[in-house]
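Here are some exercises to work through with the model open in your viewer. Try each task before you read its solution.

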Amino acid sequence: MINKEVRLPITRQCELLELSRSGVYYTPVPVSTKDRELMRQIDEIHLQYPFYGSRKIRNELWQRGHDIGRDKIRSLMRRMGIEALYIKPRLSIGHPS
């Protein structure tokens, strides 16, 4: 789509294609091997205890010898699409009349 070797400026190419320029210049950062290992262990813990949140998973990792904070666990869980399974409030259900 966007060709940086064409004489047409990238700005104009983005305008023609209705794309954001930030998407053209941004290069994603690959996941480090340490984070990949942590994500594997988080997945393992989550499969064993699906009701654990970021605090409990952090405690499990502490017991396994990892020195990691809750914020890092939470961001990795969000990246993996994992969340604790628990009964959530049913706020949209009306009171029976």
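**Exercise 1: Around one isoleucine**

Leaving out neighbours within four places in sequence, Ile 42 is in contact (heavy atoms within 4.5 Å) with Ile 57, Leu 61, Ile 73, Leu 76, Met 77, Met 80 and Ile 82. Before going on, a word on conventions: this is a predicted model, in which local features need pLDDT of at least 70 and side-chain atom pairs count only at pLDDT 80 or more, while totals for chains, interfaces and linings use all residues. Residues are numbered from 1 along each chain as its sequence is written, and side-chain values use heavy atoms, with hydrogens and water left out.

Solution. 
- Step 1. Buried means under 20% relative accessible area, exposed means over 50%, and partly exposed lies in between (1.4 Å probe, protein chains only).

**Exercise 2: The overall form**

Task: state how many helices and strands the protein chain has, and what its radius of gyration says about its spread.

Solution. 
- Step 1. Helices (H or I, at least four residues) and strands (E, at least two) are DSSP runs, numbered from the N terminus. By that count the protein chain has five helices and zero strands, giving the order α-α-α-α-α from the N terminus on.
- Step 2. The radius of gyration of the protein chain is 22 Å, well over the 13 Å that the globule rule gives for 97 residues, so the chain is more spread out than a compact globule. Here the radius is taken over C-alpha atoms, and the rule is 2.2 Å times the number of residues to the power 0.38.
- Step 3. Along the principal axes, the C-alpha atoms fill a box of roughly 60 × 55 × 20 Å.
- Step 4. Of the 97 residues, 24% count as buried.
- Step 5. Among contacts with a separation of 6 or more, 37% come from residues 24 or more positions apart.

**Exercise 3: An aromatic cluster**

Task: describe the ring pairs that link Tyr 49, Phe 51 and Tyr 52.

Solution. 
- Step 1. A pair of aromatic rings is described by the distance of the centres and the angle of the planes. Rings of Phe, Tyr and Trp (its six-membered ring) pair if their centres lie within 6.5 Å; planes under 30 degrees apart count as stacked, over 60 as edge-to-face and the rest as tilted.
- Step 2. The structure holds three aromatic pairs. One of them joins Tyr 49 and Phe 51, edge-to-face, at 6.1 Å centre to centre with 75° between the planes.
- Step 3. Phe 51 also pairs edge-to-face with Tyr 52, at 5.3 Å centre to centre and 90° between the planes.

**Exercise 4: Arg 58 and Ala 84**

Task: is Arg 58 buried or exposed, and which residues does Ala 84 contact beyond its sequence neighbours?

Solution. 
- Step 1. Arg 58 lies in helix H4 and counts as buried, at 18% relative accessibility.
- Step 2. The charged end of Arg 58 sits over the ring of Trp 62, 4.5 Å from its centre. The criterion is NZ of Lys or CZ of Arg within 6 Å of the ring centre and within 35 degrees of the ring normal.
- Step 3. Leaving aside neighbours within four places, Arg 58 is in contact with Ile 68, Gly 69, Arg 70 and Ile 73.
- Step 4. Ala 84 is in the segment after H5 and is buried, at 12% relative accessibility.
- Step 5. With neighbours within four places in sequence set aside, Ala 84 is in contact with Pro 50, Phe 51, Tyr 52 and Gly 53. The C-alpha atoms of Ala 84 and Gly 53 are 5.0 Å apart, although 31 residues separate them in sequence.
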